[in-house]
Structures are given as structure tokens and as C-alpha cells.
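My entries follow the order in which I went through the sheets.

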Amino acid sequence: MQVELAIKSKNIITTSEIIDGMILISDGRIADIVSTTSYDQIPESSLLDFPIEDVGDNIVMPGIIDPHVHINEPGRTDWEGFDTATRSAAAGGITTLVDMPLNSTPVTTTKKNLALKVEAAKNSAHVNCGFWGGVIPGNGKELDALLDAGALGLKAFLTDSGISDFPASGEKELRAALKILKKHNKPLLVHCELSSGNKGQKQLQENPQSHAAWMHSRPHSWEHDAIELMIKLCRETGGHVHIVHLSSAESVSQIRKAKSEGLPLTVETAPHYLFFDADSIPDGDTRYKCAPPIRTKENRENLWDALREGVIDFIATDHSPAPPNMKEIESGNLLTAWGGIAGLQFSLPVTWTGALERNFSVTDISKWMCDHPAKFLKMDAHKGKIAKGYDADLCIWMPAGKFIVDEESIQHRHKITPYLNNELYGVVKQTHLHGMKIYDEGKFLNLNEGKLILDKQHV
């Protein structure tokens, strides 16, 4: 065994326990894990050959995996871009992410457009990046080729996406897509809102700065009806349906029932739904606008309960940035502002701060942000765990450390985020990508080392 580096910590999250020991790294992978009581098992010659990085009491966890990120390149790099998005990911302990098929221009709905996306990511990916394709009306004949070219699955909207070249799909398109995806053994990710008229929309027209009106304009029933449709199609086709950014806890019971049937159904929620609540959001502050909306305190607590139970499988950011003028920061107009929250860099501390208040553990964080996303992406044979033979993608962080989010620290292209000025627990100290340190206490090292993940070519 030719060990190149060892990382020593009193708190290494392994598959079965938290140990005091060392992770031995060789050729970008974990060669072995040894506890302090087993150091004598390392050949004496090896001990002389490699450096040891002692991180003390800091937690060593698998690198975070975020399957839901809007990078917006090519075509809308004034919104974000691979360079800034993956820098912010690295600063947040994220080592692998998957980019959504919108809001780039062109959208990733054909094999040709996927190639453009991959080209844009070359030499700008500071962490590993995979890519989702998209389902829209009229691109059904493109889906096989798009999946064969390496898209990890497909994303669809049941309501207006906000982007004219990525329109909503109906039951017919979704049924056909699920049949194709089942053949490829890949998931259909669905933005689950089925829009219908309601009093809240009139309220929002009359008072466009009211967050309560924004919330009421997209009620629980929109999510419930959309999820009901997707459960029906999941049952009918046997295709894997994944519900993105669950906001409404009222849908938990139907999800629980569907899972009890053994249906191939998975669910994510986002940090902002677990951290904020509608009762505390100031009117006119468009930084909090997202779809589905942030809901009440009671709803938030019920989402945490669903995570505890395992009905919600994992947490993903839905990082969706936009320039200040599109967020209508000055006018505070929630009717016309872009709906999306930028928070990629802060997903770990935001989630941990909320988890601490509810007596969850660091192993819960590892499960929700590393292990379960890896399983969802079918990367769990080599990512999402600290185990022998797994990729040496690591997040080293200090759970007791706290900081206040300020503009200077934000690596996203724009400094617009509702997390600004919030005090958070959980300081990311280092990020290691296939055995290489890429982030170290505010400094970026070894940039452009992220690999592009195309289907079976998992890194």
C-alpha cells in the first residue's frame, strides 16, 4: 500500500460509528481507516513515507453531494456560472453536485445542448459535476439520445418554470418520459406544483409586497395535487419518480403511503424550508421568494419530523441565483421578482443550525447530505461514505464553530441571499477532492480539479 496522505481526527464519521483515528489516502481513494488503537497495524515503513494532516477535534465527513443546483451556464453566466458556483460549493464542503437543465441558454433538453453544457464546464469545475437533462413538450424523441450521452436523469415542471424555453409538461409527456427512464434505470425529477386559481393570487395582485399573499398564491393543494399525479404515474409505469424541494408537509402522508407500497419514489427538501418560516419573513424582502414558497413554523417542524422518519430522503439546496435587478430588491415586488434562493455555500451550516435545535446529530447530517444523495445518484459504491475503497472526497468541519454570514465571505456571483447576517453553526475548515485539498480555511487550492460525471463514468 503506497499511502500518499493521512488525515487524523478524533471524530471521523465511518459507516458504523464515529472514531478517533486516521484515514489513509492513496491514488485519490481511501486506502484504509485505522483507529488510534490500531496504528500499530500500519507498516512502519509506510509511517515514514507520507504526511499526516491532523485536524484535531474537527468532524471528518464524506464530501457533501448536492443533486439540485442551477448553475445557469452557458448563456446566463451573469446569473452564476461554473467557476463561481463550484467555488461556493468547495467553500461549503460540497465535492459533487448535479446541474439542472435550466436556466442555461440553451436548456439541456437535447444531446447537442448537453454537449454545450459539458464544454462550458471544462476547466471551470472546482468540484465534481454531473448533469440532468430536461423533459419539455416536443422533445420526447430526444430523450434516449440525451440519456445515452450521459445525462443522469431528467427534470420536468408541472407548472410554469419562469423560463419560456422550458415549458411545463403534462401527464402525457411525463408518462412517456418515465417509460424511457425506466429502460435507462434513471429518475424523473419533478417540480410538483399543479397551478389553479385561488384567492391568494388576487391578494398578491393587490399587495405584491406581501409574503403571506405570495405563500397563499401557491397553496399546499398545488403540491398535493401534483404529487398525487406523480404517484399515480410512478405506480403505473414503475419508473423512478423523485420529488424535488418538497415544501408542503401536508403531502407527507401520501408520500408515506406510496413508499409503503414499495413504489420507486424519493423525495428531497431544501435547507431554506427547514430554516426559515413565513411568519418571520419581512414583507417586500424578495430574497426569500422561491417556489414552492416557504411556509409556516408548524409546516417547517413537520418537515423536520418527516426527515427524522425517513419519508424525506435527503436535503438539496435548489441553489437558484439571479442578478439584483431580477430579484427586484429595490421594489420588493414579489409578483415580478425572480423566485429562487442562493445558498449553495451555506447548506451545511444552515442545516446543522436547525438540526442542533432539534437534537439531531452529525451522523444525521452525513446521512441526509452525503450517504442518501449518493444512493439516489447510484454513486453509493464509491461516494457518500468514509470506507475503504471509496473516493477520498471529504468535508472537514467544526460543529461548535459559529459565524455570521457576510458579503465578503460569499463566493456566489451575487451576494443576494436570505442567509446574509444570520449567525450559523458549523464552520467548514477544509474540503478534499479525490485526496487533494481544494479549500482550506478561506483559501482555494488546486482549482479546476473537478471531474465531469457522465452516466456510468462516475468518478
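I count two strands as paired if DSSP finds at least two bridges between them. The model is predicted.

Entry 1, strand 1. With that criterion in hand, I looked up strand 1 and strand 5 (residues 59–62), and found them paired in the parallel sense over two bridges. The bridge partner of Asn 11 in strand 5 is Ile 59. I then turned to strand 4 (residues 52–54), which runs parallel to strand 1 and is joined to it by three bridges. There, Ile 7 has Glu 53 as its bridge partner.

Entry 2, the hairpin. I noted that strand 1 (residues 5–13) pairs with strand 2 (residues 18–26) in the antiparallel sense, over seven bridges. A hairpin through four residues joins strand 1 to strand 2. Ile 12 has Ile 19 in strand 2 as its bridge partner.

Which order do the six strands of the open sheet have? I read it as 9-10-11-12-13-14, with parallel pairing. Strand 9 (133–134) and strand 14 (314–315) stand at the edges with a single partner strand each, so one side of each is left without a neighbour in the sheet. For strand 9, I looked up the pairing with strand 10 (residues 154–157), which is parallel and extends over two bridges. Gly 134 stands opposite Lys 155 in strand 10.

Definitions and conventions: Residues numbered from 1 in each chain as written. Predicted model: local features only at pLDDT ≥ 70, side-chain atom pairs only at ≥ 80, totals over all residues. Heavy atoms only, no water.
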